[in-house]
Amino acid sequence: MKAKSIVISFLIFWQLAVNAQESIDTLSSKARFDYALTLFEQDSLVPACENFYKVIYMLEEDDSVRSKKSRGKLVEILNAHAMVGLIYLEFDLPNIALSHFNMALGYAKDLNSDDVLSHIYKRLGFAHHAYNADSAIYYYQKCIDTYPNHLNKIDVDKAIAEILFYEKNERDSALNLMRSNLGIIEHENVREAYYTLLGEMMCDCKQYDSAIYYLSMSVDSELYFLQLNSADNLSRVYDSLGDYEKKSYYDGIVARLGMERIGNFEVDRVRAMNDIYNEHKQADREAIARKRIVLIFLLSLALIVAAAIYVRYRYLKKNRLLLKRIDNMTDDINTKDNVIRDISYKYSLINGKIKNKNVELQKQAELIKKQNEEIFLMKEKLDKEQTIVRMDAFLGSEICFRIINDKNFQMNQDDLDMLLQSANLNLRGFVDNISKEYPRLKKEDLCYICLMLIDINDKQISSLLGVTYSAIKTRRSKICNIIEVRNELLYKYLVDRLYLRD
């Protein structure tokens, strides 16, 4: 069941709140809404639907609604769409109801009210309830998440329980959910709605005693659908129990309620109202589209005219600027002609000085040429001296002098470096050359070779370097392997390399 009285109470509350705030110019739409709401309460659904549509037409033409500036009028049109959707649910036209609930949802979002938004989500859940259980549960959950108050929970739990029972076949969960809420329900009509659904569920479970208990408490409800549904289910129960007397009694109630209601279900009329409304909306959209086309045309024309004027203005302005620029350039040319004449005169004077300077520069060039020739000869002489092996200079160096004359001298790393530098300097880069040719030779190997050139024997070398004699013999063998020369010919090879190699 749809708990119609709860919806009515909520809408009346909102309508009264709006009535207290709006000015006298909205009296007509408010009065018509109140009249339509009264018809709805009297179960005159078709006239009520017609008047709610009139409220919607009036407010859709209102600029304050289009601009979303009037909160009160947004509430009115929202409520009108919600009521029309509810009427279409009564006529079992959920698709049309959904379209109006979605329009109401748009206005609810503009109002930025969680309370109103949650009620619209609940209406959307009711619209989906009959044919799309998953969508219905989605909107029920949105209702609770948006505004988790007591009334929302009771309504939504009842609807979810119905889906769990009939669609998901989770009967125990559905019954537990219904029973857990019975103790916290305050409104009598809501309690009767719970009793009706519980009785129907008990009937389907064939728990007839429980079904009779719950349905008996709702069969006398003031709400038409609760009374009709309870009487219909009690007829089913007594039919299953074989009590045809009571079944006949409740069949009579169902028939009477059906006769009372039959005149109000004019489905074709309310469907036609929605068709007229859709045609009206389509006409509005087409009118807006035509206005936009005209506006775009006029704007385009205005832009073309403005562009033509601008181009013409730029053309004239450019001509004026060009004429002015020509005049300025003429003045500049005259000025520059005078400057050129002055420069030409000065150039002739400078040209004479340049000729004199050129003569002097030529003399200087000849002098520089002679000096360069002398420098070249000196450099050639110096290079020739550098290519000579100066063994005497090497032996006379400080490090070699100490090695030869100091019997107790023992070399450290600085002494080794000094020995290699002296050999490189005086023996035409001997160390660098042999290192490039034999890169496997280490620093200690090179020092050993330099000491051999001084004519120091292996025992003296072991003393100078502070290593054993056997280590020196091993190093000598290693050097011979690298250079690929026999041990006894190593000294001769080094001397030949030093004096004979170009």
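The structure holds 15 salt bridges, and the model that shows them is a predicted one.

Take Asp251 and Lys247: their side chains meet in a salt bridge, with N and O 2.7 Å apart. Both sit in helix 14 (residues 244-262), and because they are four residues apart there, about one helical turn separates them. An α-helix has 3.6 residues a turn, so residues three or four places apart point the same way. Asp251 comes out as partly exposed, at 30% relative accessibility.

Asp458 and Arg476 pair up across two helices instead. Their side chains form a salt bridge of 3.9 Å, N to O. Asp458 belongs to helix 21 (residues 458-465) and Arg476 to helix 22, so this pair ties together parts that are 18 residues apart in sequence. Both residues are buried. Helix 22 (residues 469-483) is also where confidence is highest in the protein chain, at a mean pLDDT of 93.

Glu488 and Arg486 make another salt bridge, their closest N and O atoms being 3.6 Å apart. Asp445, Arg475 and Lys478, meanwhile, are linked in a network of salt bridges.

Asp155 lies in helix 9 (residues 150-166) and is buried, with a relative accessible area of 7%. Its side chain makes a polar contact of 2.9 Å with the side chain of Lys122. Asp417, in helix 18 (residues 413-426), is partly exposed, at 28% relative accessible area. Asp417 and Lys443 are 26 residues apart in sequence, with their C-alpha atoms 8.8 Å apart in space.

Helix 3 (residues 45-60) looks much as expected: its 16 residues reach 22 Å from first C-alpha to last, close to the 22 Å expected at 1.5 Å a residue. Its buried residues include Leu45, Val46, Phe52, Tyr53, Ile56 and Leu59, and among them are also the polar Asn51 and the acidic Glu60.

As for confidence, the protein chain averages a pLDDT of 82, and 87% of the residues score at least 70.

Key:
Residues numbered from 1 in each chain as written. Predicted model: local features only at pLDDT ≥ 70, side-chain atom pairs only at ≥ 80, totals over all residues. Heavy atoms only, no water. Buried < 20%, exposed > 50% of the residue type's maximum accessible area, 1.4 Å probe, protein only. Polar contact = N/O pair within 3.5 Å; in protein donor to acceptor, adjacent residues only side chain to side chain. pLDDT = per-residue confidence, 0-100. Expected span 1.5 Å × (residues − 1). Salt bridge = Lys/Arg side-chain N within 4 Å of Asp/Glu carboxyl O.
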